[in-house]
Amino acid sequence: MRIRTKILLANSVALIGLTALIGLSLAGYYRLDKQWFWFRDTTLTRHNELSDLRSAVGYGGAIHHLKNYVLRGEPHYKRHFENSINDANTSISRYRLIPDLTMIEREALAQIELMLETYSKKMEQASQLRASMAQNDPKNIKSNNNIALLDAVIRVDDQPYIEAHRILQIAVSESENAHLDQLSGMLHWVMALVVVLALSTIAASLITCLILGQRLHNRIQKLLDRAQIIGDGVFTEPVLPVHINDEIGELTTATNTMQTELHCRTLAIEKARDDFELRVVARTTELERSHERIRMMTDSVPVLIGYINRVYEYEFINRAYEGWFGIGRDQIEGSSMAALMGTDAFALAKPHLDEALGGKIVQFEMSLEDRNKTTREIAVTYTPEIDSDGLVLGVYAMSADITSHKHAANIMEIAKENAEAANKSKTSFLANMSHEIRTPMTAILGYADLLSEETLSEAQRDEHINTIKRNGAHLLGIINDILDLSKIEADKMELERIKTPLEPLMRDVLSLVRVRAEAKNIQLNLEMNYPLPQCVVSDPVRIRQVLINLIGNAIKFTQEGSVTLSAVYNQDAKRVRIDITDSGIGMTEEQVDRLFSPFSQADSSTTRKFGGTGLGLTISRRLAKMLGGDITVTSVPDKGSTFTFEFDPGPCDAVDMVHEAPNQQLDTASTNTATINTPHHIGSILLAEDSIDNQRLISLILRKAGHEVELADNGQIALEKASLAWDNAVPYDVILMDMQMPEMDGYTATARLRENHYDGWIIALTAHAMKSDREKCISAGCDDFATKPIDKKKLLDLIDQCLDQPRPQADAA
């Protein structure tokens, strides 16, 4: 408990006693005052109510009004009587509310109430009697006899009222005397209690102050003694006990803490002196280690790092200097740059070093010999060390060997030259492609003009038509090569896996190129080296494309002699190998190396002499790799070449092997001589095509086959005509829908028709021939797909297939 609290406690004892004294005095006064006022109010209430009761009932009240009414018969006396009765009852009710009524007072009040009831009944009897008299003898109602009769009726003995009133007066007097005695006794008790409490409070306060003062004096004396000891420099004495947590207790605790801290600090100062000496030693060791770390870090960097002072001497170098110059660090540090590098090299570096000593960061390249006397290219950076005053103290030198980077730059330069050469090759290819495309186009347009001459014979006209067809087919082949290459480059080429007989496939290829061989008097040979798989599981279209390309090239570059197609099956590698050997012009090794480049041929003279786009072999080789094989070449100039085509035939374990040649002849029929069969079905066809020339061409083909043709110039017209015919229950048998048209394209028109529940046949016509284009047309709602240029036979066969499977007919609207 704190000292202030104790003092306050001592004061509080006196204050509490004083407060109690004042409180009791106030309480006694309040009690006396309250009793006095209660006594006064109660006595006054008794007197008032008793007076009101006397005036309401006595001769100036109800009794008086009753007699006046009987004698005079005036109604207002009756009203005064009733008011007096009510006032008397009200006084009785208020008198009853006094809390200390005695039983005698209550009985006296009840007696008065009983008398009032009797008066009220007498008033009723008098009123009734007077009314009867007024009815019998209204003129003599105030006769002496009537008055005597009325007086006899209302006569009442008022002795009980007088006795009750006397009793109430006696009760009031007795109540006043009793309350005065009670007030006097209470006053004597309060005065005695105040005197006793005042004396007790004074005694308790004196005792508390004496005890508290003595204890405080003893504790403060102990603190003064301990302060003297601490002042003498003695800190080993036991600490003072703290029993009470007051201000002196806190001062004692602080003194103990001060003594302990002074003792600890004395020890800490002694220990700090010893630790400081140890830290000086450790710091010195750490600085040596830090210097060693810096040296190790710089030694691990594969560049020359050194520090050069203002007189061109090395003060610090890393291990790379030792490896470069072949001498130790102790021989380099402290030596001059001219002695280490040589005067010639130093003469080259000195201007840059002087610039760095002027305060600039300098970067440059130079040549420097290493310990093997090998000249190396280095990139040097000089960074000045500048102090706080702006003075340059020295230069940090960093030199990196960039010989390999220079070599890489040379390689990049060569690559750039190769790229430029490739670009030139591409330019040459574009020029060649322009020539290849324009040549057949010239023939097509020229012979088309000749067909308009009227003087042509039938044989000349057929010759011109065949020339146009031949050049058109050649132009289409060029376009197909370009598309194939673009699909391969974009990784869009997809292969099929179809079970296909091998030998009939090869004979079919020979039949396709035989006409070209016969035109040059070149002999075609087929060699089948048995055993061979009867069938292969691969893409027959791409195998045929590769073989036609390779054999066509062999025929093109062979002036005389033969071209041999040889097939063999490698059991170990499970690959089919086909060799195409010719007796043509052959090639050098350099020409063979660039043979499969997509934008070049063997040489430019070949292009001028033999023509061609230079894409065929590139496409063929990439197709061969997609088929699980490759194409290789062996060639001798002026002797001929052999192109070897290998491909994966698929799983051959369950395929029969052919061990001897079947009995059949080489099919010499050309596919170009195929005739157009007459269709089995004739139908009505809506041709949606925006090109006038294509309208005329396709409608002519269809009408010659017997079909009825109606034209639509765009997709919107086709939609309207097809919908109208469908609603009228006379739909077209087939709609040929061009996919790219003005107003509305074929995709939108087809989708709209399908949304309108059109269920007739719709065949897409488009110049886009990729698989994704076919899927796009089918997704739009087309039933099938035909490409441009139009193949008459394929188109008519496709229409015939549709007409052979009629679709549901529309109901008439």
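Residues are numbered from 1 along each chain as its sequence is written. Local features need pLDDT of at least 70, side-chain atom pairs count only at pLDDT 80 or more, and totals for chains, interfaces and linings use all residues, while side-chain values use heavy atoms, with hydrogens and water left out.

**Confidence**

Colour the chain by pLDDT, the predictor's confidence in each residue, from 0 to 100. The chain has a mean of 79, and 81% of its residues reach 70 or more. Select residues 604-608, where pLDDT is below 50 and the model shows five contacts (heavy atoms within 4.5 Å) beyond near neighbours in sequence. Residues 665-679 also fall below 50, with 18 such contacts. Where pLDDT is low, the predicted coordinates should not be read in detail.

Display the contact residues, including Ile63, Leu66 and Tyr69 of H2 and Tyr119, Lys122 and Met123 of H4.

**The five-stranded sheet**

Next, show the open sheet with order E2-E1-E5-E4-E3 and antiparallel pairing; two strands pair if DSSP finds at least two bridges between them. Strand E2 (314-317) and strand E3 (362-369) stand at the edges, each with a single partner strand, so one side of each lacks a neighbour in the sheet. From one strand to the next, the twist averages 25 degrees. Within the sheet, E1 (residues 304-309) and E5 (residues 392-401) pair over six bridges, and Leu304 stands opposite Ser399 in E5.

**Single residues**

Centre on Tyr747: the charged end of Lys776 sits over its ring, 4.6 Å from the centre (NZ of Lys or CZ of Arg within 6 Å of the ring centre and within 35 degrees of the ring normal).

Move to Pro531, in the loop between strand E7 (523-528) and strand E8 (532-533). The peptide bond from Tyr530 to Pro531 is cis, with omega near 5 degrees.

Finish at Asp638, in the loop between strand E12 (630-636) and strand E13 (640-647). Although not a glycine, Asp638 has a positive phi of about 65 degrees.

Note on methods
Helices (H or I, at least four residues) and strands (E, at least two) are DSSP runs, numbered from the N terminus. Axes are lines fitted to C-alpha atoms, for helices over the stretch in contact, and angles run from 0 to 180 degrees between N-to-C directions.
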